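Hi,

Here is the structure I promised to send over. Have a look, and my notes follow below.

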Amino acid sequence: MNDQTNTGADDDKPFYRRIRSFVRREGRLTPGQQRALDDLSPRFGLQLPAPAAPLDLAAVFGRTAPVTLEIGFGDGESLAEQAANQPERDFIGTEVHRPGVGHLLRAVEQRGLTNVRVSDVDAVELLEHYLTPDSLDCVQVFFPDPWHKKRHHKRRLIQPAFVRHLATRIRPGGRLHLATDWAEYAEHMIAVMQECAPWFEPDGPVPAPGRPPERPVTKFERRGEQRGHKVADLLYRRTDEPA
């Protein structure tokens, strides 16, 4: 998952005009992924109203349960595994890379999962227009594009404005879980979260001493470890402070 430039516009302008959560890079779809997009989106896709309106997540899933939002799920394998391991929770995954969306839809069907809804819209748009305050129990952002060149750091997703917006959607006591295999980006994330201390506090040591058991290993994690990168999991709890 990639992000675009935060222009640093004034705070009175709409949030979604100041930052986007990705650069759309359309890859080649396999026949199976295309079939999944065509046939499975009506069943497992997150159906967004037009014009935009807040979602009733209890109606979306047909029950009331804690909801986790994963931003940028890649190929979706780890998200499908989480959903299979935690049937008591509901999961929304958003990813703009359509082959990854098709891959996750196939995994949801093959595993017989009923607690996953899949979206291909920009996460900022989803947060701004469709998710209501305090509607999320957890947000997870695993291995976002590190934009490792210094001149590109402003394109990173994890910025104070974005984290503050997440704070409006995560319920008090809910969790924000970040993970990266780039040491410098981990330092950047920690600095951003320290700046956002009124709304989030560390949930244990930061970084965590190891991969939390509820987070499956991801494709990007394996790739980073093969390159000798050390993975950092950063866990935070939402405070009661209004955002």
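How many bridges join strand S5 to S7? There are six, and the two strands, S5 (residues 170-180) and S7, run antiparallel. Strands pair if DSSP finds at least two bridges between them; strands (E, at least two residues) and helices (H or I, at least four) are DSSP runs numbered from the N terminus.

Before going on, please note that this is a predicted model: local features need pLDDT of at least 70, side-chain atom pairs count only at pLDDT 80 or more, and totals for chains, interfaces and linings use all residues. Residues are numbered from 1 along each chain as its sequence is written, and side-chain values use heavy atoms, leaving out hydrogens and water.

Strand S7 (residues 232-238) is mostly covered, with six of its seven residues buried (under 20% relative accessible area; exposed is over 50%, partly exposed in between; 1.4 Å probe, protein chains only).

On to the salt bridges (a side-chain nitrogen of Lys or Arg within 4 Å of a carboxyl oxygen of Asp or Glu): the whole structure has 13. Asp203 forms one with Arg175, the closest N and O atoms being 3.1 Å apart. Asp203 lies in the loop between S6 and helix H9 (219-226) and Arg175 in strand S5, so the pair ties together parts 28 residues apart in sequence. Arg175 is buried at 16%, while Asp203 is partly exposed at 25%.

Best wishes
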